[in-house]
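Hi everyone, thanks for coming along.

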Amino acid sequence: MQIFRIQGGSRLSGEVKIDSAKNSVLPILAACVMTEEPVTLLDVPNIEDVANMIEILRSIGADVVREKKAVTVRAKGSLTDELPERLEKTLRASVFLVGPMLARLRRVTFGYPGGCEIGLRPIDLHERGLRALGVVIDESSGRLRCDGGSMRGAEIHFDYPSVGATENIMMTAAMLPGKTIIHNAAREPEIVDLARFMNACGARVSGAGRQIVTIQGVKRMHGVTYKPIPDRIVAGTMLAAAAITGGDIYLTNAPASDMVAQIAKLRDMGCDVHDGQDTLRLRAPKRLRSFGKIQTQPHPGFPTDMQAPMFALATVADGSSVLMETVFESRFQHAHDLMNMGADITLGDRMAVVRGVQRLHGARVKAHDLRAGAAMTIAALAAEGTTEITQIGQIDRGYEALEASLRSLGARAIRTAE
Ligand code: UD1
């Protein structure tokens with residue numbers, strides 16, 4: 001088993017280029033099966049979630065070639081209409097294939113998806129949306145058999161602006177007869193990116209990024225070469241890592257305009273953040289101040305994926321901070337490990353109060369999920385002594401060689417076998 005071993009206390013400084021966003025790349029890779037023509041995506045990070053998605057695409061019959069950071073998908077000829085049980089458990093984003101496969105084959109069978117252990121992650125909104133489009137779903141076998149033989153455009157209202165459900169319905173509706181209107185759609189930048197990609201392939205999606213998204217069905221879609229938006233969560237993680245060490249970091253290909261909520265909090269903490277067109281520079285003070293309160297919300301609110309990394313900063317910031325998690329049920333798993341490192345935390349159901357301490361100390365901790373793993377890594381950078389992080393496969397799901405990126409900035413961080 002591999003672990004990260006991190007010796008805290010080094011100040012980070014230097015430059016990092018940000019790759020395409022995991023949460024854009026995953027649905028866009030799925031969307032590639034809507035055309036038989038080749039699609040090439042650029043700047044694709046070498047992370048586990050992408051590797052799993054590529055394996056799923058191959059298992060249903062698509063040809064996928066990866067050349068450095070470019071991935072080309074060609075879904076020519078016949079595809080199978082069942083998602084592989086073994087793989088869909090490893091990747092919640094496998095659910096994104098439901099829409100494109102229905103669009104292409106008019107039927108698909110899949111199981112309940114896996115992914116992060118951050119509480120109940122139902123797919124009822126996906127199912128309701130599909131049913132509204134005329135999909136008949138049979139769950140009697142324990143898997144979901146979807147028959148889309150009589151699908152047509154429809155009007156859908158989501159009780160909650162789910163990112164995945166909005167994306168899935170956009171893709172399902174892209175090649176249906178008629179018009180589909182999604183009310184209370186999610187407004188994340190990755191939704192806008194998916195729409196831009198689909199339109200580059202010949203789809204007609206409008207309103208993405210707003211609450212009402214309209215999809216006018218087209219007969220066919222075609223291939224394209226496309227560069228997805230940069231990863232705002234990876235960029236935010238690197239800023240947080242620099243901030244906790246009193247560092248100075250410069251990010252290129254950084255989506256500053258998608259990171260307004262986090263940048264505001266970093267400024268509240270005393271960081272000097274300068275945002276250029278697609279660059280970001282952060283200079284941190286010797287000791288961070290508390291950010292006050294963070295409450296996660298759907299975009300443009302504070303992103304839930306940045307909650308854990310900011311939690312790590314709060315543990316050593318001057319003053320008390322409050323974090324409220326409203327998007328996911330149990331997304332405070334990092335709190336207990338941070339306490340093992342000396343953090344002073346009072347934990348409620350979906351709320352945590354953190355009183356900043358002068359210093360954390362090294363410990364053996366676990367990456368419970370992807371972003372909790374990022375939080376532990378950030379905390380380790382500021383801790384006295386050595387921290388060992390186990391279960392780093394979770395971190396590799398969404399960060400390409402995080403320890404190497406940090407090392408290039410001056411951190412003493414290695415990946416090692418136990
Ligand atoms: C996506 C992101 C994830 C991010 C999240 C919220 C990807 C691959 N993942 O996840 O990194 O943390 O958005 O910004 O893009 N829900 C239901 N029923 C459903 C669907 C969702 O109740 O059918 C609930 C979920 O349990 C959760 C909330 O809605 O509590 C938000 O989920 P959703 O927006 O769908 O997130 P994901 O698409 O899973």
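Predicted model: local features only at pLDDT ≥ 70, side-chain atom pairs only at ≥ 80, totals over all residues.

The chain is divided into two domains: domain 1 takes in 2-18 + 230-417, and domain 2 runs over 22-226. Taken over C-alpha atoms, their centres are 30 Å apart.

How do the two domains meet? On the domain 1 side, 23 residues are in contact with 22 residues of domain 2. Between them the domains bury about 2000 Å², with 48% of that on carbon and sulfur atoms. Of the area that domain 1 buries against domain 2, His 299, Arg 397 and Glu 400 supply 33%, more than any other three residues.

Now, the ligand. Each of the two domains gives at least three residues to the shell around the ligand. There are 19 residues around the ligand, and those that come nearest are Asp 124, Leu 125, Ser 162, Asp 305 and Val 327. By class, the shell has 9 nonpolar, 5 polar and 5 charged residues.

For those of you who like distances, here are a few polar ones. The side chain of Asp 124 has an N or O atom 2.7 Å from a nitrogen atom of the ligand. A polar backbone atom of Leu 125 is 2.7 Å from a ligand oxygen, and a polar side-chain atom of Ser 162 sits 2.6 Å from an oxygen atom of the ligand. On its own, the ligand has 740 Å² of accessible area, and the protein covers 87% of it.

Which elements give two or more residues to this shell? They are α5 (124-132) and α6 (163-173), and α5 gives the most, with 3 residues.

Terms used. Residues numbered from 1 in each chain as written. Heavy atoms only, no water. Near = heavy atom within 4 Å. Polar contact = N/O pair within 3.5 Å; in protein donor to acceptor, adjacent residues only side chain to side chain. Areas by Shrake-Rupley, 256 points an atom, 1.4 Å probe, with all protein chains shown as cover. Helix = DSSP H or I, 4+ residues; strand = E, 2+ residues; numbered from the N terminus. Nonpolar A, V, L, I, M, F, W, Y, C, P; charged D, E, K, R; others polar. Domains from an automatic or database assignment. Contact = heavy atoms within 4.5 Å. Buried area = accessible area lost by both parts, 1.4 Å probe.
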